[in-house]
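Thanks for making the time, everyone.

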Amino acid sequence: MQLIPSLDLLNGRVVRLTHGDFETAKVYGEPEAVLDALEVPRGARLHIVDLEASRTGAPVETEIVRRLARRDLVVQVGGGIRSVGDARRWIDCGAERIVVGTATAVDPELFAKLVETFGAHRIVPAVDVRDGVIRIAGWQRDATASMQDVFARLESHGIGEALVTDISKDGVMRGPSFALYRQLRSLTRVRIIASGGVSTTGDVVSLARLGNVSACVIGRALLERKLDLAEAAARVATPNAIPERVIPCLDVRDGRVVKGIAFTNIRDAGDPVECARRYEEEGADELVILDISATDRRENTAVETVRRVAASIFIPLTVGGGVRDVETFRAMLRAGADRVAINTAAIRRPELIADCAAEFGVQAVVLSCDAKRVGERWLATMRSGKELTALDAIDWCRRAENLGAGEILLTSVDRDGTNSGFDVDLLRAATSVLKIGVIASGGAGKLEDFRDAIESGGARAVLAASLFHDRVLTVGEVKRYLEEEGIPVRT
Amino acid sequence: MNVTLIDSPYSNAANIARALRHVGADLDVTRDADAIASAAKIVLPGVGSFGAAMQWLVETRINDAIRKSVANGAWLLGICVGHQLLFEGSEEMTTTCGLGLLRGEVRRFDGPLPVPQIGWNRVASRGELFDGIAPETAFYFVNSYAVRGAHAEVASAEYNGSFTAAAQQERVFGVQFHPEKSSAAGLRVLRNFVACN
């Protein structure tokens, strides 16, 4: 999958609009300066939108396109192409391909003429979709053509690639419309240039995994440095190289597996060794044990459980709950844990993260963050969600990363035990600012939830407790489903 | 089958001992250089720092013991940092040489993906150590350093570019991953090593 930096031009400068509204234009500067700052490599594809032209219907920024085309960039340009003459002006400026919006949806005759004149390989049809409806003309009114009709016509013209934007997702950075691109996969052979909502490296990887997305246009996320072009290119080169993990969690109290809703109403649910063995057999990639009583009870019942479980499995084991200091951390490792999650103690004394990372290595340190939604953000909580702190959960995760945490176990306190799905917004908020991996926790209820946490949330692992424990789903079922959905798992 | 496991303090020897016993090894866990020098099959575990682990081998003279037994035809398996110690040296510790049993140098994983690598990664493998293991099987890795394109490479994986996941030269084997944490696939690798004769 190719990555195509996108520049929207208005009055000779690079700008971004939100929801296509010209009043919201944010100015980034001269195109050449912007490209240099983004370190766009030679030979790259570049997507140019002439915003004024898209509104008025005639090419405006021809001189800029001429300059950019001379810079060894493969330029595709759109905006205002409503006649063969318009298209020719762009081609004469050095544009490799022209992006055709309005005509694609509502003027089949003109579209046919463009294909005939320049060849299908130089035409990029652009389809703007909002809520499953194709929109046109600078996003001001609805078109009448259905997606089926439009794509059938594109195929008949020999079009291989079309730019598809979900405009409800564009420029707001809440993630691309994976559902729309998936729908198109069964609707058409035309390959998709995805556009709109791409804001993290994880988004780009998820798009690459869909299979029918041949390229992706990245605008605001690049301009605002939410995404590094080189890193994204490296991840996209092998989107399936590293399997995503499915992690069953054992909530343990006094040596027994227990379960509860939103950290309360706890009841007994079995022997941890038996559960652990079954999970490894089913294909669990890792196991998490959380001793949910330890912090309150101030005693280390977990160590004996860890010792018993560690001695019965051959997959990595992460242990949390009741880790107060470097010594209790060490005790968990000695008992057989590979990694130790710290939560309340780290909030009380953040340097504990750095101390443990220095002593045992960053790979051993997991920050467990129980986040609770408060208004428009999330706050970290202590003592298994019982005590709200003033810490912004996302800021706290970032700080933990800087202090030396190797991974974040991020639990939505609101969703935990509800089976209503992971909090994808929370996951995106975290994964978009963290380099280290995030384990999604809290709320798993059905197969799609696991997919969404990885695909849209950017999580590198998905965790569930009661769902697996009650055999509503097995680890194997989740992994098979993820694989069917194009997400790599260890088999 | 008798296996001598070097009980390095810079290792997770207990976990590896459990896995080796699980696949049927009759285990001698030892720090005795003489016992290692006369062993027929040796496992060298290691986690953490290359320099500290190598320093310990030098101080205990186990470095010479390993070289001697290998020269006498012993089988040797290095795991994680134990694998790295088989090579000539590491960028991590410029003043410390490795055992030099395999050609190549251990280097830091530089690139866009975060270091250390923590997690499962698919391995393209061949050779007797991977007998019965499907292509692209995932193993569990935890490492900040690796050898890239070792002369004796028998398995490779991708992380910030291709690196050596396993190496073999005659009877000397090394695996960068943790077989004792790699579930059935990891146990199969250990079983294959234990079965070598």
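Predicted model: local features only at pLDDT ≥ 70, side-chain atom pairs only at ≥ 80, totals over all residues.

Let me begin with a question: does strand 3 of chain A, residues 21-29, lie largely in the open or is it buried, and why? None of its nine residues is buried, so strand 3 of chain A lies largely in the open; here a residue is called buried if 20 or more other C-beta atoms, placed from the backbone, lie within 10 Å of its own, exposed if 12 or fewer do, and partly exposed in between. Strands are DSSP runs of E with at least two residues, and helices are runs of H or I with at least four, both numbered from the N terminus.

Residues are numbered from 1 along each chain as its sequence is written, and chains are lettered from A and ligands numbered from 1 in the order in which they are written.

Returning to strand 3 of chain A, its antiparallel partner is strand 2 (residues 13-18) of chain A, to which four bridges join it, where pairing requires at least two DSSP bridges. The two strands form a hairpin with two residues between them, and His19(A) in that turn has a positive phi of about 55°. Thr18(A) stands opposite Asp21(A) of strand 3.

Turning to the whole of chain A, the domain assignment, which is automatic or from a database, gives domain 1 (2-237) and domain 2 (245-484). Their centres, taken over C-alpha atoms, are separated by 40 Å, and seven residues of domain 1 are in contact with six of domain 2, contact meaning C-beta atoms, placed from the backbone, within 7 Å.

As for chain B, its contact with chain A takes 23 residues from chain B and 24 residues from chain A. On the chain B side, the elements giving two or more residues are helix 1 (13-22), strand 8 (117-125), strand 9 (137-143) and helix 6 (183-195), with the largest share, five residues, coming from strand 8 of chain B.

Finally, on confidence, the mean pLDDT of chain B is 93, with 97% of its residues at 70 or more, pLDDT being the predictor's confidence in each residue, from 0 to 100. For the complex, the predictor gives an ipTM of 0.93 and a pTM of 0.91.

Notes:
Contact = placed C-beta atoms within 7 Å.
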